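This report describes the fold, the packing and the backbone of a single chain. The sequence and the structure come before the discussion.

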Amino acid sequence: MITLLFFAHLQEAIGEERVVLPNVPQTVNALKKEVEKRYHIDLKQVMVAVNEEYARDDQTLQPGDIVAFIPPVSGG
C-alpha cells in the first residue's frame with residue numbers, strides 16, 4: 001500500500017486530496033505513469049516528494065511510502 005497526496009490544481013482534477021493505492025509501483029516514474037493513466041492528468045512539470053524529501057524519477061518505492069505530487073508555483 002502507498003499513499004498519494006495531491007496539491008493545488010491536482011486535487012481539483014482528481015477530486016481527492018489523498019489516495020491510497022494497494023499496489024506499489026517499482027519507481028517514482030512508474031507511479032507517475034500509472035497516475036497519469038488512471039486520472040488523465042499530466043505530471044511532467046510536477047515535483048514529487050517521497051516521505052517529505054524530493055525524489056527523482058528513478059527512486060524506488062516501498063510499501064508505506066507517502067508520495068506527494070507538488071505542481072509548480074506561479075506568482076504574479
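Which strands are included in what covers the buried residues of α2? The cover of these residues includes β1, β2, β3 and β5. Here, contact means heavy atoms within 4.5 Å, and buried means under 20% relative accessible area, exposed over 50% and partly exposed in between, with a 1.4 Å probe and protein chains only. The model is predicted: local features need pLDDT of at least 70 and side-chain atom pairs count only at pLDDT 80 or more, while totals for chains, interfaces and linings use all residues. Residues are numbered from 1 along each chain as its sequence is written, and side-chain values use heavy atoms, with hydrogens and water left out.

## Overall fold

The chain contains two helices and five strands, arranged along the sequence as β-α-β-α-β-β-β. Helices (H or I, at least four residues) and strands (E, at least two) are DSSP runs, numbered from the N terminus. The radius of gyration is 12 Å, close to the 11 Å given by the globule rule for 76 residues, so the chain is as compact as a globular protein of that length. That radius is taken over C-alpha atoms, and the rule is 2.2 Å times the number of residues to the power 0.38. Along the principal axes, the C-alpha atoms fill a box of roughly 40 × 25 × 20 Å. Of the 76 residues, 37% are buried. Among contacts between residues at least 6 apart in sequence, 49% join residues at least 24 apart.

## Helix α2

Helix α2 has 12 residues and reaches 16 Å from its first C-alpha to its last, close to the 16 Å expected at 1.5 Å a residue; the expected span is 1.5 Å times one less than the number of residues. V28, L31, K32 and V35 are the buried residues of α2. They cover an arc of only 100° around the axis, which places them on the same side of α2; the arc is that of the directions from the helix axis to the C-beta atoms. An α-helix has 3.6 residues a turn, so residues three or four places apart point the same way. On the other side of α2, K33 and K37 are exposed.

K32, at 9% relative accessibility, counts as buried; leaving aside neighbours within four places in sequence, K32 is in contact with L43, V46, V48, D57 and F69. V35 touches L4, F6, H40, I41, L43 and F69, not counting residues up to four places away in sequence.

A search of the whole structure finds two aromatic pairs. Rings of Phe, Tyr and Trp (its six-membered ring) pair if their centres lie within 6.5 Å; planes under 30 degrees apart count as stacked, over 60 as edge-to-face and the rest as tilted.

| Pair | Centre to centre | Angle between planes | Type |
|---|---|---|---|
| F6 and Y39 | 6.3 Å | 70° | edge-to-face |
| F6 and F69 | 5.2 Å | 10° | stacked |

F6 lies in strand β1 (residues 2-6) and Y39 in helix α2 (residues 28-39), so their pair ties together parts 33 residues apart in sequence. The other pair links F6 in β1 with F69 in strand β5 (residues 66-70), 63 residues apart.

## Backbone at two loops

Most residues other than glycine have a negative phi, and most peptide bonds are trans. A8, which is not a glycine, has a positive phi near 55°. A8 lies in the loop between β1 and α1 and is partly exposed, with a relative accessible area of 48%. H40 also is not a glycine and has a positive phi of about 55°. H40 is placed in the loop between α2 and β3 and is exposed, with a relative accessible area of 72%.
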